Amino acid sequence: MDCDVVNNMNAATRRTKGDKKVLKKQQKASHTLLKHEGISTTSQPTKSLVVANGGLGNGVSREDLFAAVNQFGDVESLLMPPQKPYAFVTYRFEDGARKAHAQLNGKKLQSGENSVTFYLSYVDSVKHREEALVGFPEGLTLVEDFVSLEEEALLLAAVDWSMSNEAQKALKHRRVKHYGFEFRYDNNNVDKDKPLPAGLPDECLPVLQRCLQDGLINVLPDQLTVNQYESGQGIPPHVDTHSAFEDTILSLSLGAKAVMEFRHPDGRAVPVVLPERSLLVMKGESRYLWTHGITPRKFDLVPACEPDVGSNSGLTLSKRGTRTSFTFRKIRYEPCCCAFPSACDSQEGTSPYPPSPPSLPCCHADATLLEEEYVHRVYDAIASHFSRTRHTPWPHVCRFLSSLPPGSVLVDVGCGNGKYLGVNPQLITVGCDRSSALVQICAERGFQVFVSDALSVPLRTASCDACISIAVIHHFSTLERRLAAVRELVRLLKPGGQALIYVWAYEQEYNKQKSKYLKDHDKQHNGEKSKDTPEESQESHEEPSVFTTCHVERDVKDASEMTEGRLSVHTNRTAFNSQDLLVPWHLKGRKTHGEEESSGRFSSRGEPNPDLDSSMSSDTTHSPDSKPSPSDNMCQIPGGSSVPVFHRYYHVFQQGELEQLCTQVTGIKVQTSYHDQGNWCVVLQKE
């Protein structure tokens with residue numbers, strides 16, 4: 001037989017094997033789409049295709065995907081749902097879809113730093129619910145191209161980062177420099193009687209004069225904060241301190257674009273794209289009530305302009321560069337009298353009676369609002385100090401992690417500062433948390449982490465050998481949500497995989513042994529110090545822990561006089577008298593010079609063990625100019641100083657309750673359960 005003929009036959013055989021491999025993976029992708037996304041594919045050619053691994057969630061930009069699919073025919077529409085690992089493409093004619101299906105299946109695409117392999121399937125129709133557009137918060141204005149390229153260069157050159165002084169700080173998440181007045185991160189305010197020697201840079205004056213002429217401001221600012229963010233850095237959500245600054249705040253974005261998220265106390269969120277050289281003007285409600293922040297990440301989802309498809313409503317990925325913001329403000333010398341007293345530090349305590357604690361939620365909407373206010377925002381606000389008190393892994397958790405075979409995939413759902421992610425270096429570990437501030441701390445420590453709700457973790461079903469949920473589920477405020485959290489852990493496990501769950505126990509005294517949480521209270525009253533308790537927790541705290549603003553004369557017994565159904569406020573280091581309660585976090589003691597911001601996302605956490613919990617302990621960190629949420633109040637303590645008190649929601653579990661919760665989930669068995677220093681714990685195995 002001719003040699004060339006033999007080679008051609010062998011090549012054909014190799015292509016056939018390769019085609020079979022691609023077909024197998026394509027079928028697997030179709031099955032995954034149906035199982036997890038409800039997307040049905042068809043073997044019959046149509047004009048529409050679903051592109052597995054071609055989504056924004058895979059790091060594929062709209063531009064790169066469009067370039068790949070457009071070469072096979074006229075594209076009628078390209079739909080890329082946010083955060084999803086797939087996309088839909090519809091061609092004008094079926095022939096284009098046929099060609100793409102034949103040529104792109106199994107092919108790799110390099111999109112930025114990501115390399116993905118496409119698997120395409122036909123779909124009969126493309127169904128996608130468009131999210132309702134939410135308008136800008138009241139009082140928010142964005143002026144694009146407010147400064148020219150030349151002005152941008154002059155402003156950036158005016159900031160001399162080589163000069164080190166008290167008004168310049170290298171914070172964990174960004175570089176900061178102050179002009180006019182220094183914003184102090186230890187008390188979240190400014191020393192109004194101590195202006196800095198140098199005022200605002202001269203290069204800023206033409207820009208500010210233009211703002212004055214355009215009616216954006218009615219008085220020239222006298223304070224400037226310059227923040228510089230590298231790619232992957234951000235600032236957690238915050239409200240600029242009411243008592244520190246007047247109404248209008250200007251923020252000029254230079255160097256690169258970013259997405260800033262505004263969030264209302266009721267949960268509404270509005271992402272705002274800040275192009276380079278744009279000016280953001282915050283007045284009224286947008287300045288006083290809505291938080292604003294920038295999630296730390298390297299890519300943003302931004303609107304795409306795609307004239308070839310005839311639509312500009314889609315989203316694409318935008319890689320972040322180095323962004324420098326100039327934030328101009330006017331120092332306030334009189335108390336703030338804004339129309340938002342619930343968010344105003346100047347108007348705290350104006351009522352003769354403290355606000356009442358919240359009620360137990362009666363529906364899903366109430367539960368999410370309660371957790372947003374008394375879990376998410378609290379842990380973001382105290383993230384930096386919280387991390388410093390979470391340094392010692394618990395021995396029983398370490399033993400569980402050490403028992404896993406080398407190479408096992410472990411996910412820590414609610415990973416906090418990531419202290420368990422490095423316990424066993426032989427594992428493949430990933431963590432997630434709703435707190436962007438805590439996630440950034442993990443990332444700085446070199447861990448693989450991402451922001452996620454514990455009820456909806458964006459990992460594939462049956463992708464993990466083991467999961468841990470340490471001090472997370474007790475922050476969910478309804479039985480249904482606690483059950484959903486367990487189900488989500490089980491979903492992630494492979495058959496035979498194990499999950500370890502810890503929750504705070506109602507029984508702090510078990511088998512005639514007090515937990516360290518109670519023991520440390522006794523030691524504090526005897527003048528002793530616990531060697532395992534953080535230094536800042538070792539002093540005795542006798543200030544009232546009622547949900548109050550500043551009324552020291554109102555005793556903790558007032559909690560029992562609250563309206564029926566209201567949450568009680570726990571007295572730290574004492575036995576529990578109810579299962580659903582608020583636990584104070586007292587911010588007093590040492591100051592944290594050079595520390596930074598607060599934030600506002602869900603940290604599903606709150607490890608109450610006394611060698612880890614500083615619920616009565618010292619400092620916290622706020623965002624520059626941040627105003628704590630209503631879950632943060634001021635308490636007047638003996639000596640005359642006011643300290644902020646945050647309140648965290650907990651559902652403490654009674655004996656047997658955790659096991660009963662887990663047995664409601666099908667397909668698992670409880671391998672073991674135990675009590676560990678004031679916590680109920682179970683090890684589950686997926687059948």
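Visitor: Which residue in β25 stands opposite Asp 412?

Guide: Ile 468 does. This is a predicted model, by the way.

Visitor: What makes β25 and β26 a pair?

Guide: Six bridges join β25 to β26 (residues 493-504). At least two are needed, so this is a pair as well. These strands run parallel.

Visitor: Why is β25 called largely enclosed?

Guide: Count its buried residues. Strand β25 covers residues 464-470, and six of those seven residues are buried, so the rest of the structure largely encloses this strand.

Visitor: Why does Val 409 count as partly exposed?

Guide: Buried means under 20% relative accessible area, and exposed means over 50%. Val 409 has 22%, so Val 409 falls in between. Val 409 sits in strand β22.

Visitor: Which residues does Val 409 touch, leaving out those up to four places away in sequence?

Guide: Val 409 touches Ile 428, Ser 463, Cys 464, Asp 465 and Ala 466. Val 409 and Leu 493 are 84 residues apart in sequence, yet their C-alpha atoms are 9.6 Å apart in space.

Visitor: Why is Phe 72 called buried?

Guide: The cut-off is under 20%. Phe 72 has a relative accessible area of 15%, so Phe 72 is buried.

Visitor: Where is Phe 72, and what does Phe 72 touch?

Guide: Phe 72 is in the loop between α2 and β2. Leaving out residues up to four places away in sequence, Phe 72 touches Tyr 91, Gly 96, Lys 99, Ala 100, Gln 103 and Leu 104. Phe 72 and Tyr 91 are 19 residues apart along the chain, and 9.0 Å separates their C-alpha atoms.

Visitor: What is the order of the open sheet that holds β2?

Guide: The order is β2-β3-β1-β6, with antiparallel pairing.

Visitor: What makes β2 and β6 edge strands?

Guide: Strands β2 (75-79) and β6 (119-123) each pair on one side only. On average, neighbouring strands of this sheet are turned by 25° against each other, direction ignored.

Visitor: How do you know that β1 and β6 pair?

Guide: Five bridges join β1 (residues 48-52) to β6, and the two run antiparallel. Two bridges would be enough, so the pair stands. Ser 48 has Val 123 in β6 as its bridge partner.

Visitor: Which helix lies across β1, β2 and β3?

Guide: Helix α2 (residues 62-70) does, running at about 145° to β2. Helix α3 (residues 94-104) packs on the sheet too, touching β1, β3 and β6. The direction of α3 makes about 150° with that of β6.

Visitor: What is the order of the four strands that include β13?

Guide: The order is β13-β18-β15-β16, an open sheet with antiparallel pairing. Its edge strands are β13 (235-238) and β16 (269-274), as each pairs on one side only. Neighbouring strands here are turned by 20° on average, direction ignored.

Visitor: What makes β15 and β16 a pair?

Guide: Strand β15 (residues 258-263) meets β16 over six bridges, in the antiparallel sense. At least two are needed, so the pair qualifies. Met 260 has Val 272 in β16 as its bridge partner.

Visitor: How do you know that the span of α11 agrees with its number of residues?

Guide: Helix α11 (residues 479-492) has 14 residues, which should span 20 Å at 1.5 Å a residue. The end C-alpha atoms are 21 Å apart, so the two values agree. Buried residues of α11 include Leu 483, Val 486 and Leu 489.

Visitor: What is the average pLDDT of the protein chain?

Guide: The average is 78, and 76% of the residues score at least 70. Over residues 307-313, however, the pLDDT is below 50. Residues 635-643 are also below 50.

Visitor: How many helices and strands does the protein chain have?

Guide: There are 13 helices and 34 strands. Of the 687 residues, 56% count as buried.

Key: Residues numbered from 1 in each chain as written. Predicted model: local features only at pLDDT ≥ 70, side-chain atom pairs only at ≥ 80, totals over all residues. Heavy atoms only, no water. Expected span 1.5 Å × (residues − 1). Buried < 20%, exposed > 50% of the residue type's maximum accessible area, 1.4 Å probe, protein only. pLDDT = per-residue confidence, 0-100. Contact = heavy atoms within 4.5 Å. Axes fitted to C-alpha atoms, helices over the stretch in contact; angles between N-to-C directions.
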